[in-house]
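Please work through the following exercises with the model at hand. Each task is followed by a solution in steps.

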Amino acid sequence: MIGGLGLAAPAAAHVSGQPVAADVGTMSAGRLGASVAAVLGLAGVIIAGLALGRPTSRIGTGNGRLGASVALAVGLIGIALGGLVAATSDSGIGTGNGRGGAYVALVVGLIATVLGGLALARSRRAG
């Protein structure tokens, strides 16, 4: 009995040193940062789509420069925040540190930046 406990102690110490995955309902700082970055990127995609589709609407304000500029800025902020979360995450995808969401935020932010740049180029050409 004592010998069995002596062998179990090193195994228990090894297991406690491993990173533990967060609960599904737990909102860690990484998850929160990645979620904010993804929402910013998605907002940028929507604003860029509106600026491209309706350059004279309220979001476009005249020739569409405001909507394009906002989409470009929001997309860049989403990329920066997603990159920060991905760089500071200490575990892999699925551990609750926000790395998966950060990758999604990087892609969505890139799409928003490209669409915002296209809308801005179109507004300059039309104006």
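The exercises proceed from the overall fold to single residues. The model is predicted, so local features need pLDDT of at least 70 and side-chain atom pairs count only at pLDDT 80 or more, while totals for chains, interfaces and linings use all residues. Residues are numbered from 1 along each chain as its sequence is written, and side-chain values use heavy atoms, with hydrogens and water left out.

**Exercise 1.** Determine the secondary structure content of the protein.

*Solution.* Helices (H or I, at least four residues) and strands (E, at least two) are taken as DSSP runs, numbered from the N terminus. The count gives 4 helices and 0 strands. In sequence order the pattern is α-α-α-α.

**Exercise 2.** Compare the span of helix α3 with its expected value.

*Solution.* The expected span is 1.5 Å times one less than the number of residues. Helix α3 (residues 65–88) contains 24 residues, for which 34 Å is expected. From first to last C-alpha the helix reaches 35 Å, close to that expectation.

**Exercise 3.** Classify Thr113 as buried or exposed, and identify its contacts.

*Solution.* Buried means under 20% relative accessible area, exposed over 50%, and partly exposed in between (1.4 Å probe, protein chains only). Thr113, in helix α4 (residues 99–126), is buried because its relative accessibility is 15%. Contact requires heavy atoms within 4.5 Å. Beyond neighbours within four places in sequence, Thr113 contacts Leu72, Gly75, Leu76 and Ile79. Gly75 is itself among the buried residues of α3.
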